[in-house]
Amino acid sequence: MPSRLKKASNASSQGDHESGSLPQKGESCGSEEELECSVAPALTAEQEGKLWRRIDLRLMPIITVMYLLSFMDRGNIGNAKLDGLLTQLNLTGNKYNIALTMYFIPYSLFEFPSNLAIQVIRPSRWLPAIMVLWGLSMMLMGFVKTYPQLVGVRVCLGATEAGLYPGVAYYLTRWYPKYMYQYRLALFGGAATMAGAFSGLLAFAINFMNGDGDLEGWSWIFVLEGLATVLVGFVATLVMVDYAPTAKFLTANERAFVIGRRGHGAAQDEGDDLAQQVWAAFTDWQAVVQISLAVPVYGITYFLPTIINNFGYSTSISQLLTIPPYLLATMSIVTFAYWSDKIKLRSPFIFAGQSIALAGYLLNISDAPSGVKYFGTYLCVIGSYSSSPGSVSWLANNLGGRYKRAVGMALQISVGNLGGAIACNIFRSQDEPRYLLGHGLEIMFSA
């Protein structure tokens with residue numbers, strides 16, 4: 001095995017910080033890992049493939065289900081809107097938009113401290129714990145009776161959900177080499193697109209419970225999905241693992257190989273203290289570009305059922321018609337990530353996704369027939385969701401230092417979620433049915 005793998009040709013253009021090499025005897029691997037990886041063993045291609053598949057099967061299913069429920073819980077209010085939420089809580093004017101917006105304020109603020117907390121608290125304890133808390137918040141939303149109560153519970157939901165995505169995005173960098181990373185992030189992030197499909201299907205089914213237990217159909221959406229989240233949170237405490245150096249399902253040689261394969265110096269402190277790395281993260285320009293990707297994602301997530309409903313379909317049919325775009329988007333997000341890792345480029349796939357979304361929003365702002373506009377929603381969902389993993393992966397590949405990476409990724413995602421606060425207020429009820437302002441701003445951010 002060569003002592004140093006050749007760097008990818010596009011490393012300089014995308015700010016490579018990881019050589020992808022296997023540490024050799026005598027090289028430093030960081031205080032927590034040096035005993036494990038002082039000598040990285042050699043594996044055949046077949047052995048390595050089997051090892052990564054075993055790791056995938058242990059890590060990916062539970063975190064994917066966790067994010068699936070996370071995105072369902074934050075976005076199912078769009079389905080509840082069609083099932084009577086607006087009328088029962090008297091959400092007139094911009095009250096619904098404000099309730100959406102209030103979720104993102106604590107969500108953005110708590111992502112940064114959460115990614116510092118995960119440096120101290122084991123991820124197998126921290127991530128399931130916050131999941132149980134947001135599941136309880138979700139269940140409480142099913143019992144709100146007034147607009148202030150709805151806003152209060154949305155704030156609690158945002159605060160408790162904040163740590164999951166940045167925490168898992170960082171967690172995966174501690175397991176996978178950089179050019180295996182985006183595909184795994186896409187498998188995880190693909191749960192967000194699947195959440196849109198499941199939300200529509202579940203909302204259609206749960207609506208038949210309208211009136212049971214003296215609760216409206218929209219209340220049952222929140223209660224049942226929140227209960228599922230709590231249960232999965234408890235299961236996650238039993239099945240999640242932490243990092244490679246302590247992974248008991250791997251042998252010592254396998255742990256050493258994973259640490260070495262991930263790249264010498266991939267997440268070291270680089271001689272800087274915590275304060276220096278945190279400051280470096282806040283002054284890195286790459287962390288603030290996510291907002292242009294987040295606005296289209298959240299805009300279409302929260303308002304797709306309403307947009308389709310304004311094409312003239314009934315509530316039930318509108319819920320079902322949200323499913324196909326999300327199913328295709330799930331396949332697209334994984335395909336984009338696979339080829340991005342394979343050819344070791346990020347930016348072309350980010351721009352391709354944005355271009356697809358742009359075409360979709362242009363169709364929806366036009367005077368085209370409803371059938372053409374519905375096709376445009378496919379492009380909006382596919383393009384918006386396919387770009388995001390590439391952006392997060394690009395930053396993760398470029399940030400050196402364990403704390404700088406953790407904080408930088410949290411900051412990037414926090415800035416992106418401020419874009420979610422913008423998206424909550426651009427599709428206004430007074431702009432129905434064409435939503436010229438909303439689609440116009442989505443075009444601006446996609447371009």
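Visitor: Which helix does Ser70 lie in?
Guide: This is a predicted model, to begin with. Ser70 is in helix α2, which covers residues 45–75.

Visitor: Buried or exposed, that Ser70?
Guide: Ser70 counts as buried because its relative accessibility is 0%, and the cut-off for buried is under 20%.

Visitor: What is Ser70 in contact with, leaving aside its neighbours in sequence?
Guide: Beyond four places in sequence, Ser70 contacts Trp134, Glu161 and Leu164.

Visitor: Where does α2 bend?
Guide: The bend is at Met60 and comes to about 30°. A proline, Pro61, follows within four residues.

Visitor: Zooming out. How many helices and strands in the protein?
Guide: The count is 18 helices and 0 strands.

Visitor: And how much of the protein is buried?
Guide: Of the 447 residues, 60% are buried. The protein exposes about 17100 Å², and 65% of that comes from carbon and sulfur atoms.

Visitor: Give me one case. Where is Ile350?
Guide: Ile350 sits in helix α15, residues 347–365.

Visitor: What does Ile350 touch?
Guide: Not counting residues up to four places away, Ile350 touches Leu293, Ser387, Gly390, Ser391 and Trp394.

Visitor: Is that side chain's residue, Ile350, buried or exposed?
Guide: Ile350 counts as buried, because its relative accessibility is 8%.

Visitor: Now the surface. Which residues form a nonpolar patch there?
Guide: Ile105, Leu109 and Phe110 form one, with about 300 Å² of accessible area together.

Visitor: Take Leu109. Which helix, and why does it count as exposed?
Guide: Leu109 is in helix α4, residues 95–117. It counts as exposed because its relative accessibility is 58%, and the cut-off is over 50%.

Visitor: On to the backbone. What is the phi of Asn90?
Guide: Phi of Asn90 is near 55°, a positive value in a residue other than glycine. Most residues other than glycine have a negative phi.

Visitor: Where is Asn90 found?
Guide: Asn90 is in the loop between α3 (77–88) and α4. With a relative accessible area of 46%, Asn90 is partly exposed.

Visitor: And what about the phi of Lys344?
Guide: Lys344 is not a glycine, yet its phi is positive, about 60°. Lys344 is in the loop between α14 (323–343) and α15. It is partly exposed, with a relative accessible area of 34%.

Visitor: Last topic, peptide bonds. Which residues does a cis bond join?
Guide: A cis peptide bond joins Glu432 and Pro433, with omega about 0°. Most peptide bonds are trans.

Visitor: Where is Pro433?
Guide: Pro433 is in the loop between α17 (402–423) and α18 (436–446).

Methods: Residues are numbered from 1 along each chain as its sequence is written. This is a predicted model: local features need pLDDT of at least 70, side-chain atom pairs count only at pLDDT 80 or more; totals for chains, interfaces and linings use all residues. Side-chain values use heavy atoms; hydrogens and water are left out. Patches are made of residues with over 30% relative accessible area and no salt bridge: like charges are joined within 9 Å, nonpolar side chains (Val, Leu, Ile, Met, Phe, Trp, Tyr) within 5 Å. Accessible areas come from the Shrake-Rupley method with a 1.4 Å probe; for residues, only the protein chains shown count as cover. A salt bridge is a side-chain nitrogen of Lys or Arg within 4 Å of a carboxyl oxygen of Asp or Glu. Helices (H or I, at least four residues) and strands (E, at least two) are DSSP runs, numbered from the N terminus. Buried means under 20% relative accessible area, exposed over 50%, partly exposed in between (1.4 Å probe, protein chains only). Contact means heavy atoms within 4.5 Å. The bend at a residue is the angle between axes fitted to the seven residues ending there and the seven starting there.
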